[in-house]
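Reader: I'd like to go through the labels on this one and ask where each comes from. Can we take them one by one?

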Amino acid sequence: MADGNGRVDQVVPALAGFGRALRAAGLLVGTGQVLAFCEGLAQLDPTDLRDVYWSGRACLVSRHDDLPTYDEAFTRYFFGEPGHRLVVTGAGAPVIDERQPTLHASGAVASTESQADASDVGHAASDFELLRAKDFADCDPEELAAIGRLLAGLLIATPWRKSRRTQRATKGVRPDLRRALRAHVRHGAVHRIPRRRPRVRPRPLVLLLDVSGSMSAYSRVLLQFAYAVARGPGRVEVFCFGTRLTRVSNALARRDPDEALRQAAETVIDWEGGTRIGESLREYLRTWAWRGGCRGAIVVICSDGLERGDPDVLAAAMARLARLAHRVVWVNPLKAGPVYEPATRGMRAALPHIDLLVSGHNLASLADLAGVIETFG
């Protein structure tokens, strides 16, 4: 897989970079959409910018009003000329300007300078498709390194929630009485009552990662996923636990992903040790819940549930956590099998207080998890 990983490193980060470019342009592009974009190109011709354009338009654009922004970002990213104008024909698009590069609905791309070697890019898309579905426990070090570089290139959006504070708006539920009174004093009459609507702000997100020995095949990749989440907007707190709880949010705040992961690994002193989930959650609730943004937050616990401590302590901690948090999501890599049953003591104690139990054993499941996080408003 060495050659395949090399091709993945060349192509997939470029596609993920296009997703970041769209976000910078103001489009709402989720991680699941970016991974679907890469997966879709595995079924098409990644060397043809026409296929790249339409695949991205199908996977990365959610609103018709965003199409002009998408076209502009596509031209800037793939053609490298900020002033270039992309003209698309064949789907009710405007008249063709022959002086500009054109993507036809049933034709070839006019410019070939941006096209890569067909065999390399095609193999890279196929390798990515295989890597996306492969269990982390079955990956060799080179494959895990390729997965880590892919996750480091992604930007995962955190959900938004309505605030109690309001702001001016043309349309809204609440009338703006103060502004209406000032308009009445100034002009003598109010022809239209001004309105206000709730402000929106990122919802806090807390990730609690099990780094015990039983999670050794997954803990590093999940920490890389946490790094991608922490780079998004909003307040994100990340903790690791085995026999004790360790906050690694400051370590993951570094811009360089390798340095961030190295600092996080040095901060956690009980890496690949025992598992005391209940005591770690109790420590989090006692020390970090109020200043760590737990109230109203989405809490994601990544663990296989192999509790070595008292399950009653875990049950009590989960019950309190469920009362404070907006949603509690449990990520268990053992849930990858279709006949999985939460039979361990830890999972039985925690299950009544969990809103959603998902798997996190491969890239596809992490993409689904990112989609879940983004939709919890």
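Predicted model: local features only at pLDDT ≥ 70, side-chain atom pairs only at ≥ 80, totals over all residues.

Reader: Why is the pair of Y53 and F74 called edge-to-face?

Author: The centres are 5.3 Å apart and the planes stand at 90°, so the pair passes the distance limit and the angle is over 60. Y53 belongs to helix α3 (residues 49-60) and F74 to helix α4 (residues 67-79), so the contact ties together parts 21 residues apart in sequence. Helices here are DSSP runs (H or I, at least four residues), numbered from the N terminus.

Reader: And what makes Y70 and F74 tilted?

Author: Their planes are 35° apart, with 6.2 Å centre to centre, so the angle falls between the stacked and edge-to-face limits. Y70 and F74 are four residues apart in helix α4, about one helical turn.

Reader: How do you know that F74 is buried?

Author: Buried means under 20% relative accessible area (1.4 Å probe, protein chains only; exposed is over 50%, partly exposed in between). F74 has 0% relative accessibility, so it counts as buried. Y53 also comes out at 0%, and Y70 is buried too.

Reader: On to α8: what makes its length agree with a helix?

Author: The expected span is 1.5 Å times one less than the number of residues. For the 12 residues of α8 (residues 219-230) that should be 16 Å, and the end C-alpha atoms are 16 Å apart, so the two agree. As for cover, 10 of its 12 residues are buried.

Reader: Why are α8 and α10 called oblique?

Author: Under 35 degrees is roughly parallel, over 145 roughly antiparallel, 65 to 115 roughly perpendicular, and the rest oblique. α8 and α10 (residues 257-267) pack at about 120°, with axes 11 Å apart, and they are therefore oblique.

Key
Residues numbered from 1 in each chain as written. Heavy atoms only, no water. Phe/Tyr/Trp six-rings, centres within 6.5 Å; stacked < 30°, edge-to-face > 60°. Helix = DSSP H or I, 4+ residues; strand = E, 2+ residues; numbered from the N terminus. Axes fitted to C-alpha atoms, helices over the stretch in contact; angles between N-to-C directions.
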